[in-house]
Amino acid sequence: MTDRDAAPPDVVVERGETDDAEAVADCWVALARDQKEYGSRLYADRNRSAAREAALRHAVTGGLFVARRVEHERSADADDGEGDVLGFVTASPTSGEFVEADERGAVRNLYVRPSERGRGIGTALLAAAEAHLESLGVAVVSLEVLAGNEAARRFYRRHGYADHRTELRKPVGDR
């Protein structure tokens with residue numbers, strides 16, 4: 001991790017624990033709601049328990065990272081009701097049906113609260129996820145971003161990600 005990848009001085013990025021699952025699920029629901037604007041078909045609230053279970057699994061396997069205020073910066077007055085998790089990301093090795101030339105990993109669900117965006121927290125979360133995957137022997141990292149979310153696409157391009165595969169969709173029937 002470089003200085004460019006470091007969190008702001010009032011924020012720490014650390015491995016998430018099982019105790020973070022509720023706050024991460026809250027963030028995931030907010031992320032899913034935000035993504036409706038870009039064509040996501042995921043239900044936010046109806047998937048909360050699945051998001052919580054995924055956070056628990058990633059916490060146990062070491063692939064959950066959370067951003068939170070540095071301990072001395074936290075206070076009851078500063079709590080906005082969303083807990084101390086400012087953002088999160090999950091990362092894990094992936095495997096497919098076929099053997100590939102490189103070990104692969106995936107970054108999923110990078111989220112930073114809107115009020116905290118633009119401060120480098122997303123960059124620090126992404127760097128933590130990538131470092132975790134590299135420590136597991138992963139050589140190539142992939143992630144998904146909705147095609148219409150140009151701000152997210154720019155963010156990932158700034159961090160060296162490039163288009164690799166395109167998924168095409170078409171509604172069928174009366175929908």
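User: Where is Asp10 placed in this predicted model, and is Asp10 buried or exposed?
Analyst: In this predicted model, Asp10 lies in the segment before strand S1 (11-15). Its relative accessibility is 19%. The cut-off for buried is under 20%, so Asp10 counts as buried.

User: Which side chain does the side chain of Asp10 contact?
Analyst: Asp10 sits in the segment before S1. Its side chain forms a polar contact at 2.4 Å. The partner is the side chain of Arg119.

User: Why is helix H1 described as largely enclosed by the rest of the structure?
Analyst: H1 covers residues 21-35. Its buried residues include Trp28, Leu31 and Gln35. What covers the buried residues includes helix H2 (48-61) and strands S2 (64-69), S3 (85-94) and S4 (104-112). H1 is largely enclosed because the number of its 15 residues that are buried is eleven.

User: What is the reach of H1 from its first C-alpha to its last?
Analyst: H1 has 15 residues. At 1.5 Å a residue, the expected value is 21 Å. The reach in the model is close to that, at 21 Å.

User: Which residues are in contact with Asn149, leaving aside its neighbours within four places in sequence?
Analyst: Asn149 is in the loop between strand S5 (140-143) and helix H4 (150-158). At 7% relative accessibility, Asn149 counts as buried. Its contacts, with those neighbours left aside, are Gln35 and Tyr38. Gln35 is also one of the buried residues of H1.

User: Which backbone nitrogen does the side chain of Asn149 reach?
Analyst: The distance from the side chain of Asn149 to this nitrogen is 3.2 Å. The nitrogen belongs to Ala152.

User: How many bridges join S3 to S4, and what is the bridge partner of Phe88 in S4?
Analyst: S3 and S4 run antiparallel and are joined by seven bridges. In S4, Phe88 has as its bridge partner Tyr111.

User: Which helix makes a β-α-β unit with S4 and S5?
Analyst: S4 and S5 run parallel, joined by four bridges. The β-α-β unit is right-handed, and its helix is H3 (residues 121-135).

Terms used:
Residues numbered from 1 in each chain as written. Predicted model: local features only at pLDDT ≥ 70, side-chain atom pairs only at ≥ 80, totals over all residues. Heavy atoms only, no water. Helix = DSSP H or I, 4+ residues; strand = E, 2+ residues; numbered from the N terminus. Expected span 1.5 Å × (residues − 1). Buried < 20%, exposed > 50% of the residue type's maximum accessible area, 1.4 Å probe, protein only. Contact = heavy atoms within 4.5 Å. Polar contact = N/O pair within 3.5 Å; in protein donor to acceptor, adjacent residues only side chain to side chain. Pairing = 2+ DSSP bridges. Right-handed = clockwise from strand over helix to strand, strands pointing away.
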